[in-house]
Amino acid sequence: MEPLNIVGNRVIRVDGRAKVKGEALYPQDIYLEGMLYGKTLRSEKPHAYIQVEIEEGEKTPGVVKILTAKDVTGQNHHGVLFKDHEVLCSERVRRIGDPIAFVIATSEKAACEGLAKIKVRYTELPAVFDPVEAIAKDAPKIHGESNIIYHYRCRKGNVEEGFKNCHVIVEREYKTSMVDHAFLQPEAGVAYWDQEGNIVVCAATQYPHFDQLEVAEALGLPKEKVKIINPAVGGAFGGREDITLQIHLALGAYLTGKAVKAVYSREESFYAHAKRHPIIMRYKTGASKEGKLLAMEATLIGDTGAYASWAVNVMRKAGVHATGPYEIPNVKIDSYAVYTNNPFCGAMRGFGATQVPIASEQQMDILAQALGMDPVRFRLFNCFRVGSETANGQILHESVPLERCIEAVGQRLFHGLR
Amino acid sequence: MVHIRLTVNGKTYGLDVEEGVRLIDVLRDQLRLTGTKEGCGEGECGACTVIMDGRTVNSCLVMAFQADGSDITTIEGIAKGGTLHPIQRAFLEVGAVQCGFCTPGMVLSAKALLDKNPEPTREEIREGISGNLCRCTGYHKIVDAIALASSYIRGGKEDGTS
């Protein structure tokens with residue numbers, strides 16, 4: 001076989017040279033002749049009916065148009081799994097930061113002045129911020145009849161029997177917090193009509209082909225009339241999988257006939273995109289006198305906030321990874337995704353698999369301590385190897401180098417070897 | 001309106017700017033030097049770092065009128081024509097560039113450091129870029145790149161230094 005030119009060799013990334021020279025174009029670096037600027041008016045209440053008056057705003061010098069839900073020419077919705085977001089909120093806001101209006105003006109300053117003159121009358125609704133409270137039957141409902149949007153169940157063996165045979169059982173509750181990706185490039189974009197009569201949206205995104213569908217559906221256009229251009233993307237980490245400003249820009253360009261640009265501040269960026277799901281994790285784990293894991297029961301409650309985004313996939317993955325990389329013959333896992341009036345949660349590095357080790361590994365340490373066993377040896381005694389079966393029934397046929405990894409970490413942590 | 005004079009990357013400009021305009025706005029919106037990035041607008045992230053009279057500043061925290069009469073270097077003024085600056089070359093070779101949004105600020109902070117201290121320790125390098133946030137790399141490769149750049153610069157002219 002010929003030696004490979006690329007695989008196994010160090011290569012300079014294709015966009016590297018432009019990036020070190022400051023020549024790479026991120027969406028905020030695009031300036032078009034005669035373009036307009038857009039600013040988003042966002043909800044200040046977590047749950048409320050709204051009435052919006054834009055007349056004074058539209059009279060502001062420099063303001064060209066103010067878009068509200070009435071101006072959405074197609075379907076006023078978007079969302080990666082469920083279409084639970086509105087492009088612009090029509091009657092109700094479900095979280096602080098929900099978009100209500102999009103002000104288009106000849107300058108950013110004029111757009112801000114116009115935005116300040118929009119009047120929003122809020123009729124506040126009872127809100128819920130705790131996912132456990134949100135599960136209760138009488139909790140305020142965010143969408144539809146129930147706040148529980150997903151329940152993943154995993155059953156293996158018989159946990160009741162398993163716990164009966166345990167020498168030690170550890171029961172604990174763990175909570176992780178909401179986390180923002182804080183990618184360094186805040187959302188920005190520009191939309192315009194091209195010469196063939198297509199609407200072009202140039203924005204940093206992780207999902208251009210899906211953005212095309214969402215923009216087309218919201219504008220009421222066939223998808224062939226919508227083009228998404230993904231220029232340089234200044235970090236994403238999952239935070240650019242949902243729509244933020246793409247449809248607002250597209251609709252602005254579609255209705256005004258002009259190019260429209262928007263650049264979010266860091267603060268607005270925090271309001272606009274998804275977060276990592278905070279998860280409440282209730283664990284009960286038991287082991288034999290010799291240190292073999294025998295049973296585990298876990299309930300995971302993920303707060304997805306006001307919108308689902310990728311909640312189903314995230315909480316499924318959290319459930320699938322709930323045992324950690326350990327063989328446990330008797331397992332019962334219930335993982336829920338729940339709506340609240342909090343900021344919405346979606347994709348972020350690890351997609352649910354990042355949260356559960358906080359609980360499963362703490363359980364391992366506490367069990368090892370209760371057994372009087374070395375925590376490294378306890379892990380080695382129970383870890384996945386080739387041939388192991390996971391809680392959801394997958395047989396690990398191939399490479400499972402975990403034992404080597406734990407040994408190496410143990411050596412460096414406890415024996416000072418370098 | 002205020003009239004200011006700026007030397008940017010060796011070229012002198014006379015500009016009329018509004019009172020509320022920041023140095024970053026002049027660089028990006030008026031001079032279209034968009035290599036200077038805005039990541040936070042409050043001096044936390046360092047993406048807007050430029051060198052002003054030999055010292056790094058966050059150009060989002062400097063008002064345009066405060067920069068009157070100053071000499072500014074942006075990322076666009078680092079390479080010599082088609083030849084990358086050794087810091088830029090080292091960033092590429094080591095793999096210190098990912099999304100690239102922090103890169104211009106990192107390169108300028110590295111330059112300000114190496115101009116004063118051509119042979120910094122890793123600790124000094126870390127301190128030199130402590131005003132610049134990167135969300136992709138975890139910083140190790142950036143520190144490696146600056147250490148490599150230091151050796152290129154000390155190695156002499158054949159590495160692109162002048």
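**Figure 1. Overview of chain A.** Among contacts in chain A between residues at least 6 apart in sequence, 78% link residues at least 24 apart. The model is predicted. Chain A holds 12 helices and 17 strands. Its C-alpha trace spans about 80 × 65 × 40 Å along the principal axes. Of the 418 residues in chain A, 48% are buried.

**Figure 2. A UniProt feature in chain A.** An unreviewed UniProt entry places the feature "domain: Aldehyde oxidase/xanthine dehydrogenase a/b hammerhead" at residues 21–126 of chain A. Over residues 21–126, the chain is 13% helix and 31% strand. The end C-alpha atoms of this stretch are 52 Å apart.

**Figure 3. The largest nonpolar core.** This core has 166 residues. A:Ala101, A:Val103, A:Ala191, A:Leu249 and A:Ala250 touch the most other members. Domain 1 (2–77) and domain 2 (86–156) of chain B both give residues to the core, so it lies between them. In soluble globular proteins, nonpolar side chains tend to be buried together. A closer look at A:Ala250 follows. Leaving aside neighbours within four places in sequence, A:Ala250 is in contact with A:Ala191, A:Ile199, A:Val201, A:Val215 and A:Leu219.

**Figure 4. Helix H6 of chain A.** Helix H6 covers residues 208–219 of chain A. At 1.5 Å a residue, its 12 residues should span 16 Å; the end C-alpha atoms are 16 Å apart, so the two values agree. Which residues of H6(A) are buried? They are A:Asp211, A:Glu214, A:Val215, A:Ala216, A:Ala218 and A:Leu219. Just after H6(A) comes A:Gly220, with a positive phi of about 75°.

**Figure 5. The contact between chain A and chain B.** Chain A brings 25 residues to the contact, and chain B brings 26 residues. On the side of chain A that touches chain B, helix H1 (residues 16–20) of chain A gives the largest share, 4 residues. By class, that side of chain A has 11 nonpolar, 6 polar and 8 charged residues.

**Figure 6. Two domains of chain B.** The domain assignment gives domain 1 (2–77) and domain 2 (86–156) of chain B. Their C-alpha centres lie 21 Å apart. At their contact, 15 residues of domain 1 meet 12 residues of domain 2. Strand S3 (49–52) and strand S4 (55–58) of chain B each supply at least two residues of the side of domain 1 that touches domain 2. S3(B) gives the most to that side, with 3 residues. The side of domain 1 that touches domain 2 divides into 6 nonpolar, 7 polar and 2 charged residues.

**Figure 7. Two loop residues with positive phi.** Most residues other than glycine have a negative phi. A:Ser309 is not a glycine, yet has a positive phi of about 40°. This serine lies in the loop between strand S15 (293–305) and helix H9 (311–320) of chain A. Is A:Ser309 buried or exposed? A:Ser309 is buried, because 28 other C-beta atoms lie within 10 Å. B:Asp53 is not a glycine either, and takes a positive phi of about 50°. B:Asp53 sits in the loop between S3 and S4 of chain B. B:Asp53 is exposed, because it has 12 other C-beta atoms within 10 Å.

Methods
Residues are numbered from 1 along each chain as its sequence is written. Chains are lettered from A and ligands numbered from 1 in the order in which they are written. This is a predicted model: local features need pLDDT of at least 70, side-chain atom pairs count only at pLDDT 80 or more; totals for chains, interfaces and linings use all residues. A residue is buried if 20 or more other C-beta atoms lie within 10 Å of its own, exposed if 12 or fewer, and partly exposed in between; C-beta atoms are placed from the backbone. Two residues are in contact if their C-beta atoms, placed from the backbone, lie within 7 Å. Domain bounds come from an automatic or database domain assignment. Ala, Val, Leu, Ile, Met, Phe, Trp, Tyr, Cys and Pro count as nonpolar, Asp, Glu, Lys and Arg as charged, and the others, Gly among them, as polar. A nonpolar core is a set of buried Ala, Val, Leu, Ile, Met, Phe, Trp, Tyr and Cys residues joined through C-beta atoms within 7 Å. The expected span of a helix is 1.5 Å times one less than its number of residues. UniProt positions are given in the numbering used here, feature names are shortened, and annotations may be inferred rather than shown by experiment.
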